[in-house]
Structure formats: structure tokens, C-alpha cells
Amino acid sequence: MPVGQPGVSPGFRCFARQARCLPRHTAKMAVLLRATLLLLMLMTHKHSDYMRWSKTQSRARFNLATSGVAPFPLRELPVQLETLEINGDYGYGHPPLQKAIAAHHGVDPDCVVESAGTSMANHLAMAAMIEPGDEVLIEHPAYGPILDVARYLHADVKRFLRTRETGWVVDSAEILRAITPKTRLIVITNLHNPTSALTPDPVLREVGDIARSIGALVLVDEVYLDAVYQRTPRTSFHLGPEFVVTSSLTKVYGVSGLRCGWILARPDLAWKMRSLNDLYSATPVYPGLLLSVAVFKHLNRLREKARPIVEADRKLLRDFLRQQPALSAAWPDWGTTSFVQLRDGNADDFLERLRTEFDTSAVPGRFFEMSDHLRIGMGVNTEMFAEGLNRISQALGRSTK
Ligand SMILES: Cc1ncc(COP(=O)(O)O)c(C=O)c1O
């Protein structure tokens, strides 16, 4: 029956009108949906929740929210301040620093890219290696800013699991399960932040083989690796051309303020990263370069200064955890951080009370996507550390009453 003819009920006329409009309506919806999706893609992730928390809320008198060793004071560095200069020549790298980093790792200086800390190293490395929409496979749990950078770059972020039951190790079978033909990059921290688990060379080699089989690369953030004080592993950069490594003098040497970081990458990638850095920091702080070169001359002295503090704190924490039924943690052999599970309750609430009532801080596990955990940092000051643990114990005692 033709619509709009006399004798047709108003209800049917209305239904028929809607039905006529449907294709146009659907098309409009599709356009709207497409525009929304495009907008979502264009909306860039431009912050780090963890960094904001760390800069504004991590401070306490008993600060166990650290990840590196105590600051190394300038007065203990054998350097004559008259030899420093404010301005100087800088092309793509400061040759004495580039050589020092290369010698430290036993690599060719052409493979060294200087950067502002491991933070900028990770950013430059990822930005040079991936395009928007590329799949990037990142460990879980992960250091938040690595995820933030991948999202900022519009990567399609996928995860592979490291679990407490296995001591947080990297399991190459799990990586094999998680890769797809679209995976362009696999990201690992070694030592692992937050757990400090070490990934040995044979496992890294397996990861390299997997990456090579799909034409992907492996980014290994080694900023904590030199906290392995005996039989320190060589950088994974030596394991094959698919490895790209980032590091700095921040965590193990106590000179974070110099922002001396670097990337190790094969020369073609290294050039992409240097060129990209022209868009960011262009040239570095010149006196920082000179001081960094001075630090490299005395690297072992800085490392050994921190070592007894790290070792004493690690022993304290291990004994403490043995006596605390409310807490549990896998215990790796090395490292300046431990990822501890609060068996009962919410770590956020506990840490808030710990800070406000006991002036003691640790990092909430939610920043590593595990809200029943907290990260405890070691290696700054053993007296402070011991009192921090004592206060954690008091806070736990009070919460169970
Ligand atoms: C795994 C990891 N990478 C990079 C960084 C940043 O290091 P940097 O201070 O050298 O920028 C951190 C700091 O906590 C970290 O834990």
C-alpha cells in the first residue's frame, strides 16, 4: 500500500517515514562514527601519570619511593671546575663522551646516540623505529612512561606477561604467543622495573630470534643493568642487529642531574635517532657533557660508593619481608627496587596512610598496573631505609587491628 494515501493510519505513516529516512540516517551515523574514530586516533596521549605522581606526591621524610642510588656529590668528583666551560662546539654528539660511552660498552662510537637521560633515549628510539598504528609488544608490568611514549606515538600497544609465580622472568614462549605479523617492536627492561628481575643472555637471544623472524626490533632499557655488581652482563646490544639499547648514568651512578643518557643502535638507526633529536633538544647542555666525560673517568668509584648501601638495604628488606606475613615478594639477586604484594587490602589506601600518618612513601603498584603491589626502592641511605621499614611495619600492625 502506498504510503501517505488516505485511509492509512497515522502510526503506519510515521513508521514509513522513519523507514524512508533510515538509509540517510545510517549513512550519517557512519560518517559520524568514522569522524569520532579519526578524532580518537588524532587525540594524542600527552602525559605520564607516574611522572606527575613522582614529582608531586612521592616525597616523604622516609622516602622508599626511589629507584636509583643516592646522589653523588660534585665535591667528590675529581674534576677541576676551571676546566669547565659554558659554551663549546657540538655537532651530532660530543666525541669524548661518545667515545667514553662506546668504550664502556665495547661498541663502535657510530652506534652511540647521546640523549637527555634514558627517558629521552626511550622516546627517540621508539619514535625512530615505529610508525602510527604499528604494534609494539611491551612487558607487563611495565615502567609507565614507556607505555606513555608508545601511546603518544600512536602505537598499537600489546602486552606480554611476566608473572610473580615465575619470578617475573621473561618467558620467550609468552612472547611468541603475543606477537603477530604486525609486531614491529618488543620492549623489555633489564633489570626489570619494578621487580629487578634479570633477563639472561640466552633468553634475550631467543627474543632476538623471534623478533628477527617477523622483521621486528627489540628495545632493551638497561638503565639498571650495572646494579648487577658481580659478573655484570654485557649490554644486549652485542646479541644481534635487531637489538637497540637505552641507558644512562642515572640509577646506578647517582648523577641523574647530568641527564647523561644514550642509545646503542646500528648506524642507520642511530642516524635516524640523531636527526629526530634535532626536533627535540637540538643541542645539549655543554657543561653537562664535560662533567659526564669526567664521570666516565671515575665510573667505578661512583658505582662502588653506592654498592654497600644497596647491599645493606637489600639485606634489611629481605629479612623484613621474611617476618611480614602481610607482604610477599619474589626475590631477585640484584637491583635497587623490589615489587612487593600487599596480601590483604588496597595498596593505594595503605600507602596514603603510610605517607600521611608515618611520613613514609613507596610507589603504588597501580603505576605498574598492579594495584595490590607497592614498589620499594633501596640504595639511598640505610638509616632512612631501616626507619622506613619500621614505619611500614607499624602501619601494617595498625591496619590489621
Ligand atoms: C626503566 C626506566 N627507564 C628509564 C627511566 C628514566 O631514566 P633517566 O633518569 O635516565 O631518564 C627510569 C626511571 O625511573 C626507569 O625506571
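This is a walk through one predicted protein model, from the whole chain down to single residues.

A few ground rules come with it. Because the model is predicted, local features need pLDDT of at least 70 and side-chain atom pairs count only at pLDDT 80 or more, while totals for chains, interfaces and linings use all residues. Numbering runs from 1 along each chain as its sequence is written, and side-chain values use heavy atoms, with hydrogens and water left out.

Let's start with the whole thing. The protein chain has 12 helices and 13 strands; these are DSSP runs numbered from the N terminus, with helices being H or I of at least four residues and strands being E of at least two. Taken along the principal axes, the C-alpha atoms fill a box of roughly 100 × 60 × 40 Å. Of the 401 residues in the protein chain, 51% are buried. Here buried means under 20% relative accessible area, exposed means over 50%, and partly exposed is in between, using a 1.4 Å probe and protein chains only. As for contacts, meaning heavy atoms within 4.5 Å, take those in the protein chain with a separation of 6 or more: residues 24 or more positions apart account for 73% of them.

Now to a pair of helices. Two packed helices are described by the angle between their axes and the distance between the axes. Helix H4 (residues 117–129) and helix H5 (residues 144–152) pack at about 35°, and their axes are 10 Å apart. The axes are lines fitted to C-alpha atoms over the stretch in contact, and angles run from 0 to 180 degrees between N-to-C directions. On the H4 side you'll find Asn 122, His 123 and Met 126; they meet Ile 146, Val 149, Ala 150 and Tyr 152 in H5. By class, that contact has 5 nonpolar, 2 polar and no charged residues. For that tally, Ala, Val, Leu, Ile, Met, Phe, Trp, Tyr, Cys and Pro count as nonpolar, Asp, Glu, Lys and Arg as charged, and the others, Gly among them, as polar.

Not counting residues up to four places away in sequence, Tyr 152 touches Thr 44, His 45, Lys 46 and His 123.

Trp 168 is not a glycine, yet its phi is positive, at about 65°. With a relative accessible area of 2%, Trp 168 is buried. Further on, the loop between S5 and H7 holds Leu 191 as well as Pro 194. Each of them ends a cis peptide bond: Asn 190 is joined to Leu 191 with omega about -5°, and Asn 193 to Pro 194 with omega near 25°.

Then comes helix H7 (residues 201–213), whose 13 residues reach 18 Å from first C-alpha to last, close to the 18 Å expected at 1.5 Å a residue. That expected span is 1.5 Å times one less than the number of residues. Where do the buried residues of H7 sit around its axis? The residues in question are Val 203, Leu 204, Val 207, Gly 208, Ile 210 and Ala 211. They cover an arc of only 160° around the axis, so they lie on the same side of H7; the arc is that of the directions from the helix axis to the C-beta atoms. Their cover includes helix H6 (172–178) and strands S5 (183–189), S6 (217–221) and S7 (243–248). Arg 212, also in H7, counts as partly exposed because its relative accessibility is 47%. Its C-alpha lies 6.8 Å from that of Glu 242, 30 residues apart along the chain. After H7 comes Gly 215, with a positive phi near 70°.

Finally, there's Ser 361 in strand S11 (residues 360–361), which counts as buried because its relative accessibility is 2%. Leaving aside neighbours within four places in sequence, the contacts of Ser 361 include Ser 58, Phe 62, Leu 64 and Arg 355.
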